[in-house]
Amino acid sequence: MAAAERSPDGVHAVPPVAAHPWGLDFAAVRRELNLPRDYPTSALAEVEQTVAQPLPTGFRNDATDLALVTVDPSGAKDLDQAVLLRRRGSGYRVHYAIADVAAFIPPGGALDLEARGRGQTLYLPDGNIPLHPTRLCEDAASLLPDQVRVAVLWTIDLDSDGSPQRVDVRRAVVRSVARLDYDGVQRSLAQGCAHPSIELLPEIGRLRREQALRRGAIELGLPEQQVESDGEGGWRLALRPRLVVEEWNAEISLLTGMCAAEIMLEAGVGVLRTVPEPDSGTVDVLRRSANQLGVHWPVGLPAAEALAELDPARPEALAVHVAATRLLRGAGYTAFDSGAPAKSGHAGIGASYAHVTAPIRRLVDRYCAEICLAVTAGREIPEWVTEALGELPSAMGGSDRVAAQVERACIAQTQAWSLVSRLGEEFPATVLRVPNGVAGEVFVADPPIIARCTGSGLGEGQQVRVRLVTADPERRDVEFEVA
């Protein structure tokens, strides 16, 4: 595409594109970021050989009588978790089965080495780049309904307040009885006809959300941009509201991760997902900014409570949530093998936390699960796990950065595609941030765009009209100016 020229009205014009540019894919993103392509033949052969062998069930608990169900986005095939919630006296019992990916991966083999290089599954609108071959992640290891599968089964007893009282983790054989999706579960709960295995999800979910607030968990209510098919071979942007059932379901995963962290901290060996606590100065700056925007935040009110009370649909509240991202800087992974580390907390959760619930999609979960299994059984941690501990923070940190780059690039590409024919148009917008006083970032609701904006007098939380001056699909660049 030729270089953009500036037209007399100040709009950055780009050469005309086809009237219907959809059908474009995200191949350029894959090339630029040098994303993995097909799995090596040796790794694929290893998967076929492993899958062809009988399931190693002799040393596993038979838990096929548990009516576990999976709850995932519609159409998902890489099913990591299956859940069953029951009452237990005045409290509850959570059965949480996690796909036992380690059962299919010989340590040090071709598949293991390839997975270490990938780190995690990457999600693009036109097709995922899986951590493991689809023969494994969407078939043999996936907790598909009515299929006997090997799993790591967590059994967590909660008291009447939703606090864990007892944790058991062991290898098992399970069988999911249903594959549910978020929309369907939300409807069934509203209609009072939820699947019996998750009837207690709202009750437990609310208790766990209350626990999170008491722990000081910092949660941000930001609009989630999502690229979706337009049904005609192209792509469009949408704001995807997070259903309350997703929040409740996530609480089960967070509960398990916190229990795993406690097991590893007590044993003095493991890998934690860590986010440092924000310093008081950062919180004070955010509080003053919120009050200047008209968002009442009294001195002494913790950030977790102040943010939980905000409705991000309000422009000024949305700006506060965007500014609050500074409270969760410094995310990383902390490996340790000689006692608990000095800093082990996750500010976003308000507790110590470890990844153990998504081994199909994330590398570190397989290792953390092995540590928890060994520690709780009083066995030595496998050598292949301890040898890799020091490498995991770097591997996961690198893959996290790539995943973030992929998401940003795909959204930026779709923003430019969706606006290329609308140069010069004006839109109502909310100013999200103004780092230097003359340029900032705005949120346009329709289509849902977050992009750069220039102009004087910009103020965070302000409602303004902006004019589209740049929409360049080749550079994935969108820019507005104050109208």
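**Entry 1: Arg465 and its partner**

I began at Arg465, which counts as partly exposed at 43% relative accessibility. This is a predicted model, and I kept that in mind for every entry here. I then looked up which residue pairs with Arg465 in a salt bridge. The partner is Glu426, with the closest N and O atoms 3.4 Å apart. Glu426 belongs to strand S15 (residues 426-433) and Arg465 to strand S18 (residues 463-472), so this pair ties together parts that are 39 residues apart in sequence. Glu426 is partly exposed too, with a relative accessible area of 36%.

**Entry 2: other salt bridges**

Next I asked how many salt bridges the structure holds.

For Asp139 and Arg149, I found the side chains meeting in a salt bridge at 3.8 Å, N to O. Asp139 sits in helix H4 (residues 134-140) and Arg149 in strand S7 (residues 148-158), so the pair ties together parts that are ten residues apart in sequence. I noted Asp139 as partly exposed at 29% relative accessibility, while Arg149 counts as buried at 11%.

For Arg209 and Glu251, the closest N and O atoms of the salt bridge are 3.4 Å apart. This pair links distant parts of the chain, with Arg209 in helix H6 (residues 201-215) and Glu251 in helix H7 (residues 244-267), 42 residues apart. Is Glu251 buried or exposed? I read a relative accessible area of 1%, and anything under 20% is buried, so Glu251 is buried. Arg209, on the other hand, is partly exposed at 26%.

**Entry 3: the network around Asp477**

I also came across a network of salt bridges that links Arg452, Asp472, Arg475, Asp477 and Glu479. I followed Asp477, which is in strand S19 (residues 477-482). Asp477 is buried, with a relative accessible area of 14%. Its side chain makes a polar contact with the side chain of Arg475 at 3.2 Å. Leaving out residues up to four places away in sequence, I listed what Asp477 touches: Ala416, Arg452, Thr470, Ala471 and Asp472.

**Entry 4: two domains**

I then turned to how the chain is divided. Domain 1 takes in 45-278 + 328-420, and domain 2 takes in 425-482. Their centres, taken over C-alpha atoms, are separated by 36 Å.

How much area is buried between domain 1 and domain 2? I noted about 1,200 Å², with carbon and sulfur atoms giving 73% of it.

I looked for salt bridges between the two domains and the count is zero. Polar contacts do turn up: four residue pairs between domain 1 and domain 2, both residues at pLDDT 80 or more.

Which residues does a cis peptide bond join? They are Asp446 and Pro447, with omega at about -5 degrees. I placed Pro447 in the loop between strand S16 (439-444) and strand S17 (449-454).

Asn34 has a positive phi of about 50 degrees although it is not a glycine. Asn34 lies in the loop between helix H1 (27-32) and helix H2 (41-52), and I read it as exposed, with a relative accessible area of 67%. Arg476 has a positive phi as well, near 55 degrees. I found Arg476 in the loop between S18 and S19, where it counts as buried at 16% relative accessibility.

**Entry 5: Ala306**

My last stop was Ala306, in helix H9 (residues 303-308). Ala306 counts as buried at 7% relative accessibility. Ala306 touches Trp297 and Leu301, not counting residues up to four places away in sequence. From Ala306 to Val295 I noted 9.4 Å, C-alpha to C-alpha, across eleven residues in sequence.

Definitions and conventions
Residues are numbered from 1 along each chain as its sequence is written. This is a predicted model: local features need pLDDT of at least 70, side-chain atom pairs count only at pLDDT 80 or more; totals for chains, interfaces and linings use all residues. Side-chain values use heavy atoms; hydrogens and water are left out. Domain bounds come from an automatic or database domain assignment. Buried area is the accessible area (1.4 Å probe) that two parts lose on being put together, summed over both. A salt bridge is a side-chain nitrogen of Lys or Arg within 4 Å of a carboxyl oxygen of Asp or Glu. A polar contact is a pair of N or O atoms within 3.5 Å; within protein, one must be able to donate a hydrogen and the other to accept it, and residues adjacent in sequence count only if both atoms are side-chain atoms. Helices (H or I, at least four residues) and strands (E, at least two) are DSSP runs, numbered from the N terminus. Buried means under 20% relative accessible area, exposed over 50%, partly exposed in between (1.4 Å probe, protein chains only). Contact means heavy atoms within 4.5 Å.
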